[in-house]
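Here is a short report for a first look at a protein model. Read it alongside the sequence and the 3D view.

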Amino acid sequence: VLYIYRDGRDVAASLIHKYDILTDEKLTHLRGSEMRLGRPFDERYVPWWVEDGRDEAFIQSPPYVRAIWMWKYMVSRCHEAFSAPAIKDRGQVLLLRYEDFMREPMTYGRAVLDHLGASPTPAFKRRLHKAHTRSIGKHRSRPAHEIRAAEQVAGAELELYGSPPGP
């Protein structure tokens, strides 16, 4: 298993920018891929992955904060699964930080191939040469109050995955 994780603030920024997820309008139905299940809250639904008792806080949050809320749940579940001794001790999971991979694609590309027991192909090498760091830190373009709110929601997970909340 190859587990690539990324700063949740950047993940949330990308999800909002590229997919316009978790808007009030999209919370009025259960057709979105982010939430096929949810519980009613006024004319909207709260996704199943929001902690019980946090419905109001979720609904009052902007889509960016809602997106990091989703990231928080997903990385928490992955951490729980991949930290289990039965999985961790087998060495079958390669944890790879996205930011490190983008900064040093050749080094980490080699680690991926070694982990998978594969050899580099010309296509793989071409993809590595196209790696860039432009998406790292993209969350900084969000309003400061949104970033602070996102860090309050997912501070522990950001810290756990090497992206501590700002001052």
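How many of the 167 residues of the protein chain, in percent, count as buried? The figure is 41%. Buried means under 20% relative accessible area, exposed means over 50%, and partly exposed lies in between (1.4 Å probe, protein chains only).

This is a predicted model: local features need pLDDT of at least 70, side-chain atom pairs count only at pLDDT 80 or more, and totals for chains, interfaces and linings use all residues. Residues are numbered from 1 along each chain as its sequence is written, and side-chain values use heavy atoms, with hydrogens and water left out.

**Overall layout**

The protein chain has 8 helices and 4 strands. Helices (H or I, at least four residues) and strands (E, at least two) are DSSP runs, numbered from the N terminus. Along the sequence, the pattern reads β-α-β-β-α-α-α-β-α-α-α-α. The C-alpha trace spans about 55 × 40 × 35 Å along its principal axes. Contact means heavy atoms within 4.5 Å. Among contacts with a separation of 6 or more, 57% join residues 24 or more positions apart.

Helix 1 (residues 8–19) and helix 3 (residues 63–83) have axes that come within 8 Å and cross at roughly 125°. That makes helix 1 oblique to helix 3. Angles under 35 degrees count as roughly parallel, over 145 as roughly antiparallel, 65 to 115 as roughly perpendicular, and the rest as oblique. Axes are lines fitted to C-alpha atoms, for helices over the stretch in contact, and angles run from 0 to 180 degrees between N-to-C directions. The crossing of helix 1 and helix 3 is right-handed. A crossing is right-handed if the near helix is turned clockwise from the far one by less than a right angle, and left-handed if anticlockwise.

On the helix 1 side, the contact residues include Val 11, Leu 15 and Ile 16. Their partners in helix 3 include Tyr 64, Ile 68 and Trp 71. By class, this contact has 11 nonpolar, 1 polar and 1 charged residues. Ala, Val, Leu, Ile, Met, Phe, Trp, Tyr, Cys and Pro count as nonpolar, Asp, Glu, Lys and Arg as charged, and the others, Gly among them, as polar.

Helix 6 (residues 105–116) and helix 7 also cross. Their axes come within 9 Å, at roughly 145°. This crossing is right-handed. Pro 105, Met 106, Gly 109 and Leu 113 of helix 6 meet Phe 124, Leu 128 and His 129 of helix 7. The classes here are 5 nonpolar, 2 polar and no charged residues.

**Nonpolar cores**

A nonpolar core is a set of buried Ala, Val, Leu, Ile, Met, Phe, Trp, Tyr and Cys residues joined through side-chain atoms within 4.5 Å. Which members of the largest core touch the most other members? They are Phe 58, Tyr 64 and Ile 68, out of 32 residues. Strand 1 (2–5), helix 1, helix 2 (55–60), helix 3 and helix 8 (144–160) each supply at least two residues. Helix 3 gives the largest share, 8 residues.

Leaving aside residues up to four places away in sequence, Phe 58 touches Leu 27, Val 46, Pro 47, Trp 49, Val 50, Arg 66 and Trp 69. A second, separate core has 8 residues, including Leu 94, Tyr 98, Phe 101 and Leu 128.

**Four residues up close**

The table gives the relative accessibility of four residues.

| Residue | Relative accessibility | Class |
|---|---|---|
| Glu 99 | 3% | buried |
| His 139 | 5% | buried |
| Arg 142 | 23% | partly exposed |
| Ala 118 | 34% | partly exposed |

The contacts below do not count residues up to four places away in sequence.

Glu 99 is in helix 5 (residues 98–103). Glu 99 touches Tyr 5, Arg 6, Asp 7, Asp 10 and Ile 136.

His 139 sits in the loop between helix 7 (122–129) and helix 8. Its contacts are Asp 7, Arg 9, Asp 10, Ala 13, Tyr 64 and Ile 147.

Arg 142 is found in the loop between helix 7 and helix 8. Arg 142 touches Ala 13, Ile 16, Tyr 64 and Ile 147. Arg 142 and Arg 54 are 88 residues apart in sequence and 23 Å apart in space, C-alpha to C-alpha.

Ala 118 lies in the loop between helix 6 and helix 7. Ala 118 touches Arg 110 and Leu 113.
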